Amino acid sequence: MPKVYAFTRHGGPEVETFLDLPVPEPGPGQLLVAVRAAGVNPVDWKLRAGKRRPGQAPLAGHEVLGSEVAGVVRAVGPGVEGFAVGDPVFGNPVTGGYAEFTLVPADIAAHKPDALSFVEAAVLPVAAATAYDGLRQLDLPAGSTLLITGAGGGVGVAATQIAVHFGLRVVGTASAGKKEFVESFGAVHVAPGPRLAERIREAAPDGRVDAVFDLVGGADLAEVAQLLPDRERLITAAAKETVTELGGAPVARDRTAAVLDEIALLAVAGVLRPQVTASYPLDRAGDALRAVEDGHARGKTVIEVTA
């Protein structure tokens, strides 16, 4: 039977395991996808640790890891239009992405452009889509200065590239070791640490920041919020409760096929260059997740699944 990488209870890495499960049957509005690549994201280990999405049922039995995939349609469920067996697609699975087969709702799936590899397409549905949604939410005019905290990670890299394309000036915080990486996308780099807000002002064009796109939360979020007189220009994908207390808002996710199509067009045009810096086979899924969970990964990490 096909292999999946899952967790059987909430906890640390010790609760992760490989399981052999039957190929799932696509229900109404669903696609059965043979996975070719799956993106690895911080939300994966957070769900394993006990975080639940709004409306998500309690863990029962097991849960397959992985929130974004690219692959080939193997079957379509009742009511599906616009997709056929053999179509290369990418999207957000409902039965986990660290797997040989998964189910993807057709309304949050998109056709993979020929110009993108499965690996490149697999890293778009979570990180790049979050970046795109956040920037649309801020709706900044060209010439504005945007601070992105955590600019060296998957969402940060995508947000920086898209923001520069939108005509924004970007200041990005990231560790000193990621300085050249962050600057290669057009951002001004600032390392985290003491006097963070003061050093950001010194680095920012005209000494001001017009908006903050936070991707790290914690003490850094509270400090950089001080840079904004208008907290409506403060959003986060990392700390919903904290940002609300500070007068900002979480990123409002769209989660539609239309957004995936827009991101794919940006990638094909070369505006958004998927930065896959590490790739692992499915039988090393645990190592892939550790690489992201330790918090030091650059760009995106991917699990590749043999056809």
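Colleague: Contact means heavy atoms within 4.5 Å. On that basis, which elements do the buried residues of α10 pack against?

Modeller: This is a predicted model. In it, the buried residues of α10 pack against the strands β1, β2, β3 (30–40), β15 (276–281) and β16 (300–304), and against helix α1 (42–49).

Colleague: Which residues of α10 are buried?

Modeller: They are Ala285, Gly286, Ala288, Leu289, Ala291 and Val292. The helix itself covers residues 285–293 and lies across β1 and β2, running at about 145° to β2. After α10 comes Gly295, with a positive phi near 80°.

Colleague: In what order do the strands of the open sheet stand?

Modeller: The sheet has 3 strands in the order β2-β1-β4, and their pairing is antiparallel. Its edge strands are β2 (16–20) and β4 (63–64), each of which pairs on one side only.

Colleague: Over how many bridges do β1 and β4 pair?

Modeller: Strand β1, residues 3–7, pairs with β4 over 2 bridges. Within that pairing, Glu63 in β4 is the bridge partner of Phe7.

Colleague: Turning to β3, how many of its residues are buried?

Modeller: Of its 11 residues, 10 are buried, so β3 is largely enclosed by the rest of the structure.

Colleague: How many bridges join β3 to β5? And what about β7 and β16?

Modeller: β3 is joined to β5 (residues 68–76) by 8 bridges, to β7 (residues 101–105) by 5 bridges, and to β16 by 4 bridges. β3 runs antiparallel to β5, to β7 and to β16.

Colleague: Which residue in β7 is the bridge partner of Leu31?

Modeller: The partner of Leu31 is Val104.

Colleague: A different region now. Which residues have the most contacts inside the largest nonpolar core?

Modeller: Phe90, Leu146, Ile148, Phe213, Ile263 and Leu272 have the most contacts in that core, which has 44 residues. At least two of its residues come from each of α2 (118–122), α3 (124–138), β9, α4 (154–165), β12 (211–214) and α9 (257–268). The largest share, 8 residues, is that of α3. Another core, of 27 residues, lies apart from it and includes Val33, Leu282, Ala288 and Leu289.

Colleague: What does Phe213 touch, leaving aside residues up to four places away in sequence?

Modeller: With those left aside, Phe213 touches Thr130, Ala131, Gly134, Leu135, Leu138, Leu146, Leu147, Ile148, Thr149, Ala159, Ile235 and Val251.

Colleague: Is Thr149 buried or exposed?

Modeller: Thr149 has 1% relative accessibility and therefore counts as buried, the cut-off being under 20%. The residue is found in strand β9, residues 145–149.

Colleague: Which side chain does that of Thr149 join in a polar contact?

Modeller: The side chain of Asp214, at 2.6 Å. Not counting residues up to four places away in sequence, Thr149 also touches Thr173, Phe213, Leu215, Val216 and Val224.

Colleague: Finally, which residues of α6 are buried?

Modeller: In α6, residues 196–203, the buried ones are Leu196, Ala197, Arg199 and Ile200. They line one face of the helix, because they fall within an arc of 165° when seen down its axis. These buried residues pack against β9, β10 (169–173), β11 (188–190) and α7 (218–224).

Notes
Residues are numbered from 1 along each chain as its sequence is written. This is a predicted model: local features need pLDDT of at least 70, side-chain atom pairs count only at pLDDT 80 or more; totals for chains, interfaces and linings use all residues. Side-chain values use heavy atoms; hydrogens and water are left out. Buried means under 20% relative accessible area, exposed over 50%, partly exposed in between (1.4 Å probe, protein chains only). A polar contact is a pair of N or O atoms within 3.5 Å; within protein, one must be able to donate a hydrogen and the other to accept it, and residues adjacent in sequence count only if both atoms are side-chain atoms. The arc is that of the directions from the helix axis to the C-beta atoms. A nonpolar core is a set of buried Ala, Val, Leu, Ile, Met, Phe, Trp, Tyr and Cys residues joined through side-chain atoms within 4.5 Å. Two strands pair if DSSP finds at least two bridges between them. Axes are lines fitted to C-alpha atoms, for helices over the stretch in contact, and angles run from 0 to 180 degrees between N-to-C directions.
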